[in-house]
Amino acid sequence: MDASLNQIADPTLAEMGKNLKEAMKMLENSQRRPEEESGRKPAPEDIPGPLQGSGQDMVSILQLVQNLMHGDEGEEPLSTRVQSIGEQGHMALLGHSLGAYISTLDKEKLRKLTTRILSDTTLWLCRIFRYENGCAYFHEEEREGLAKICRLAIHSRYEDFVVDGFNVLYNKKPVIYLSAAARPGLGQYLCNQLGLPFPCLCRVPCNTMFGSQHQMDVAFLEKLIKDDIERGRLPLLLVANAGTAAVGHTDKIGRLRELCEQYGIWLHVEGVNLATLALGYVSSSVLAATKCHSMTLTPGPWLGLPAVPAVTLYKHDDPALTLVAGLTSNKPADKLRALPLWLSLQYLGLDGIVERIKHACQLSQRLQESLKKVDHIKVLVEDELSSPVVVFRFFQELPGSDPGLKAVPAPNMAPSAVGRERHSCDALNRWLGEQLKQLVPASGLTVMDLEAEGMCVRFSPLTTAAALGTRGEDVDQLVTCIESKLPVLTCTLQLREEFKQEVEATAGLLHVDDPNWPGIGVVRYEHANDDKSSLKSDPEGDKIHAGLLKKLNELESDLTFKMGPEYRSMKSCIYIGMASDDVDVSELVETIAVTAREIEENSRLLENMTEVVRKGIQEAQVQLQKANEERLLEEGVLRQIPVVGSVLNWFSPVQTSQKGRTFNLTAGSLESTEHTYVYKVQGTGVTPPPTPSGTRGKPRLPGHKPFRRSVRGSDTVSDTSSVSHIEDLEKMEHLASGSEHSGLESPSPEQPPEAPTPQASPTKALQNKAQHPEDDRLQVEELESLR
């Protein structure tokens, strides 16, 4: 690239390209720093200070920008928007620098250059996206183009608007129709930009019986238009979706266009599916958008181009009205907005643009085909052949429901059970989406809440793949991660009810229903002084739950425990996380109950012991004072005088024993120290009672973690094998004794019979069995092994 820059005749352009390359290289190299340097603290020069009088060089300023961009990496991972943007991104950034340089040219050269840039970019975009004979308006805010189109529609329908202003609108109020599936805040933005009241907006519901639930209901829209006309209103503009913001569904644009032509309504289309107009195959619903009055395109996310403006293509014959509406401008700075896109489109070329959009659509198809083979995953796709957006969610079939209707609950289920099941699945889907975003960051997944379906995960590569560099391998990794998380999801959902029943059957525990928690469940320990009628924070309960959380985490189990809720004004609870299929819920609940009870008893014992010690000290002081008074009465007053007392003690010493008091913590009582001084040993006192042990004291096999279901088959096999060995031993002894008796009944003439023994030992039986070859050899070998 340096050789190419040297060939540029204009030294300013060459220096600009060189500086841009060096600046981007410096900023992008900071992303490849070692991980151990990512947590560094900001350098002292990062702290704002007074502006230096002598100024700084470009390297120092870029170093400051780098520190400001990556100074918070120790707190959170590097944002996906800070990434290596490639050469095409450098061209887009170069456009902003060139725009500042071009604006210094003389007016005539500037006019010719800006006109050429604007006309070329408009022509290329209209041909790429099949919008013939259109004009283009370039804007930074995506919604700004629609606001300008609304102004153009108002000027077109209200001829006296320029003269009379809003008085014309008051007599005949305009109506703007928006779909219920439109992106949030769009209607409010239009009213704020146009100065219209909110009643000028009309929300059109989506289909409820037939078609997609994210498509505009055309029949209901026609009814609304007729009602507005009857009430003296003017249907002004309709905003249709070629790919809704949530799930990427496309409205029936062909039918909507006919309806708008019938009633003279301006039709505007926006959505991510408009990118597919650049491909060879386009669905009929999206292709109908080429016949609308205007459309908004966002080529920046589609092609991975940073700082590239959005484009609104429109058709209108009156240049005066477009100038009044703000869609056209004579200012060179407004025309130069198209410069970054003009450079980037030339760099990519037509093949590069089509290839990027085609690659994103192929990623969606690849994920869609893979998810069809995965159980417990429901895919919400409108058109399986050409949908560039894939929305999916985890589901679990409700008891008694039809497997074919996976999302429809059984009629005999209570509404509360259906709602609880829905909230549980929403929490699990939220957890699944967050896990997948961390495991496969190149996928660009987003988690969203849909009104009908609930929490879902969206994969929209048209808006993320070009910037993140998503590949087919990333989609395969995403499917693998989904399959690996399904067992945990299904098991956790199944264990929720078992956990609830175990908690409700355990004294001292209360099950807390928190549908937003993606885990087994939430439990609270109710101590003796717990006010069950209040939900406010309890200091004693907080202390017990904090100790319980510490004890549970020390067990080193596969479960995760958390103390909540986040709002500290509520009572503390223990949140148990996701679980696998080998979790013993009964042991878990019993461990929680026993541990919490022990913590409460220990804390109560400590409080009682503190009170007992305090009272014991007071009692000891009283007894010691009383003992001093008794000693004074015994010794007399004269012995207390310093000189006289010494003389009396010398002539007649007093034999007194040292008296003191000791406090027995075990018995909680005061005892005399006389036994200690006489026998020179300290008394043992009362033996403390043994500490009760709970289920946590159960012996576990080596490597066996807590709360895992024990393999009961191994115990059964070992018990059975030991019993079988005993039975075999008894049989061998019986056979041996039987053979001896048979030898006594038929003695040999050469050898006299031996006297029978009361009980034959296994060794003797083995010797006797060895003398008879007809005995079973296998039993002899087993007897040898038993020896």
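Which strands does helix H16 (residues 339-371) lie across? In this predicted model, H16 lies across S8, S9 and strand S11 (454-459), and runs at about 30 degrees to S9.

- Four strands form an open sheet in the order S8-S9-S11-S10, with antiparallel pairing.
- Strand S8 (377-380) and strand S10 (446-450) are the edge strands, each pairing on one side only.
- From one strand to the next, the twist averages 35 degrees.
- Four bridges connect S8 with strand S9 (residues 390-394) in the antiparallel sense, and Leu 380 stands opposite Val 391 in S9.

- The model has 15 salt bridges, and one of them joins the side chains of Arg 183 and Glu 270 at 3.1 Å, N to O.
- This pair links distant parts of the chain, 87 residues apart: Arg 183 sits in the loop between strand S2 (174-179) and helix H9 (186-194), while Glu 270 belongs to strand S5 (residues 266-270).
- Arg 183 is partly exposed at 22% relative accessible area, whereas Glu 270 is buried at 6%.

**Two other pairs**
- Asp 227 and Lys 223 form a salt bridge at 3.4 Å, N to O; they are four residues apart in helix H10 (residues 218-230), so about one helical turn separates them.
- Asp 227 is partly exposed at 26% relative accessibility, and Lys 223 is also partly exposed, at 48%.
- Asp 334 and Arg 337 meet in a salt bridge at 3.7 Å, N to O.

- Salt bridges with shared partners join Glu 142, Arg 183 and Glu 270 into one network.

Definitions and conventions: Residues numbered from 1 in each chain as written. Predicted model: local features only at pLDDT ≥ 70, side-chain atom pairs only at ≥ 80, totals over all residues. Heavy atoms only, no water. Pairing = 2+ DSSP bridges. Helix = DSSP H or I, 4+ residues; strand = E, 2+ residues; numbered from the N terminus. Axes fitted to C-alpha atoms, helices over the stretch in contact; angles between N-to-C directions. Contact = heavy atoms within 4.5 Å. Salt bridge = Lys/Arg side-chain N within 4 Å of Asp/Glu carboxyl O. Buried < 20%, exposed > 50% of the residue type's maximum accessible area, 1.4 Å probe, protein only.
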